[in-house]
Amino acid sequence: MDAEAEVGRRSGAGNSGVPVHVYEPYHAHLPPLRVYFREVWQRRRFAYRMAHATLKGRNYETVFGQLWLVINPLLLAAVYFMLVTVLAGSPHSNPLMGFTVILSGLFAYYYTRNIVQLSSTSITGGGKMIMNMAFPKALLPLSSLFSSFMMYWPTLVVYAIAHAAAGRAVGIAFAWLVPIFVVQTVFSFGCGLFFAAMAVYFRDTSSLLPYALRIWIYLSPVLFTVSQAKEKLSANPWLLWIFKVNPLYPIIGSWNQVVLENRAPDGALMVYGTAWAVVALIGGAWFFLSREREFAYRI
């Protein structure tokens with residue numbers, strides 16, 4: 001049994017001679033990590049193929065499915081642009097310049113959101129597979145990561161078009177996008193592992209998570225840049241502190257500094273974002289791996 005460990009056998013009372021199995025409650029502990037990660041690496045194609053199957057099942061691999069991946073955040077960006085720029089009474093001299101500010105942050109945010117949201121249902125949604133197959137369960141959140149990346153790259157193409165249409169510059173600073181993307185991926189995957197395991201114990205996690213993610217967007221540098229946030233919240237240090245504590249503050253903030261300002265990100269933001277990524281990955285992986293043997297019982 002996955003949820004409980006057999007610790008011994010003894011003869012039954014009297015002369016029955018029937019063996020009695022003694023079980024103790026499951027204790028969380030990590031599996032042999034070297035063996036575990038080797039199995040994950042050997043079966044990485046399984047996660048990749050599963051990501052393809054997931055997207056195909058949701059019609060994301062069709063032309064109209066990929067269009068919807070782009071149209072949905074584009075429409076949302078248009079709504080936020082109307083609220084933040086037009087209704088606020090601060091129209092930009094070049095509307096496309098203001099629109100790309102929101103578009104850049106929104107596309108980056110959607111990448112993290114998709115990883116976390118898809119991962120949160122990866123274990124509870126794979127019940128039959130978990131019950132009938134022996135494999136590293138981290139492959140399921142990993143397939144959610146692959147799916148999210150496949151959903152992300154079409155938005156990068158759309159943003160590149162908007163970036164060029166707005167007349168924004170492209171320079172050598174864009175090389176920083178690679179390490180920023182790695183940091184964001186590591187952080188998002190760590191969060192995905194955590195919520196994937198959390199949903200096994202608390203099934204309402206997948207229902208409540210979309211609302212939490214919706215609030216998260218307003219606490220992140222999505223609708224405005226880091227410099228704009230500091231300027232707007234300078235009169236309220238508490239709100240500014242809450243804004244800076246947000247893990248996406250250094251990650252998306254660094255992304256926007258490179259994409260929108262064509263300069264290298266602040267060193268403090270990169271260090272801060274990397275620290276959050278390491279903490280999220282270690283914490284999420286420990287919580288997931290130490291309880292993996294109990295998933296079959298809980299599901």
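The legends below describe close-up views of a predicted model, and every value in them is computed from that model.

Sorted by class, the residues around the largest cavity are six nonpolar and three polar, with no charged residues. Rolling a probe the size of a water molecule over the atoms shows where empty space is left.

**View B. The largest pocket and its lining.**
The largest pocket has a volume of about 370 Å³ and is lined by 20 residues, of which Tyr36, Phe135, Lys137, Glu292 and Arg293 lie nearest its centre. Helix H1 (33-42) and helix H13 (295-298) each supply at least two residues of the lining, while the largest share, three residues, comes from H1. By class, the lining of the largest pocket has 13 nonpolar residues, one polar residue and six charged residues, whereas the lining of the largest cavity has no charged residues.

**View C. A nonpolar surface patch with residues from helix H10.**
Ile215, Leu219, Trp238, Leu239, Trp241, Ile242 and Val245 make a nonpolar surface patch of about 730 Å². Helix H10 (residues 237-245) gives the largest share of this patch, five residues. Trp241, one of the patch residues, is found in helix H10 and counts as exposed because its relative accessibility is 52%, which is over the 50% cut-off for that class.

**View D. Leu248 in helix H11 and its distance from Trp216.**
Leu248 lies in helix H11, and because its relative accessibility is 0% it counts as buried. The C-alpha atoms of Leu248 and Trp216 are 8.8 Å apart in space, although the two residues are 32 residues apart in sequence.

**View E. Asn262 in the loop between H11 and H12.**
Asn262 is found in the loop between H11 and H12, and its phi is near 55°, a positive value in a residue other than glycine. Most residues other than glycine have a negative phi. With a relative accessible area of 27%, Asn262 is partly exposed, since this class lies between the cut-offs of 20% for buried and 50% for exposed.

**View F. Salt bridges that join Glu261, Arg263 and Asp266.**
The count for the model comes to two salt bridges. In one of them the side chains of Glu261 and Arg263 meet at 2.7 Å, N to O, and in the other the side chains of Arg263 and Asp266 meet at 3.1 Å, N to O. Salt bridges that share partners join Glu261, Arg263 and Asp266 into one network. Glu261 counts as partly exposed at 35% relative accessibility, Arg263 is partly exposed with a relative accessible area of 31%, and Asp266 counts as partly exposed at 30% relative accessibility. Side chains of opposite charge can pair when their charged atoms come close.

Conventions:
Residues are numbered from 1 along each chain as its sequence is written. This is a predicted model: local features need pLDDT of at least 70, side-chain atom pairs count only at pLDDT 80 or more; totals for chains, interfaces and linings use all residues. Side-chain values use heavy atoms; hydrogens and water are left out. Ala, Val, Leu, Ile, Met, Phe, Trp, Tyr, Cys and Pro count as nonpolar, Asp, Glu, Lys and Arg as charged, and the others, Gly among them, as polar. Patches are made of residues with over 30% relative accessible area and no salt bridge: like charges are joined within 9 Å, nonpolar side chains (Val, Leu, Ile, Met, Phe, Trp, Tyr) within 5 Å. Accessible areas come from the Shrake-Rupley method with a 1.4 Å probe; for residues, only the protein chains shown count as cover. A salt bridge is a side-chain nitrogen of Lys or Arg within 4 Å of a carboxyl oxygen of Asp or Glu. Helices (H or I, at least four residues) and strands (E, at least two) are DSSP runs, numbered from the N terminus. Buried means under 20% relative accessible area, exposed over 50%, partly exposed in between (1.4 Å probe, protein chains only). On a 1 Å grid over the protein atoms alone, a cavity is a set of points where a 1.4 Å probe fits but cannot get out, and a pocket is an open set with protein on both sides within 12 Å along at least five of seven lines; lining residues have an atom within 4 Å of a point. Grid points are joined across faces, edges and corners, and a volume is the space filled by probe spheres set on the points.
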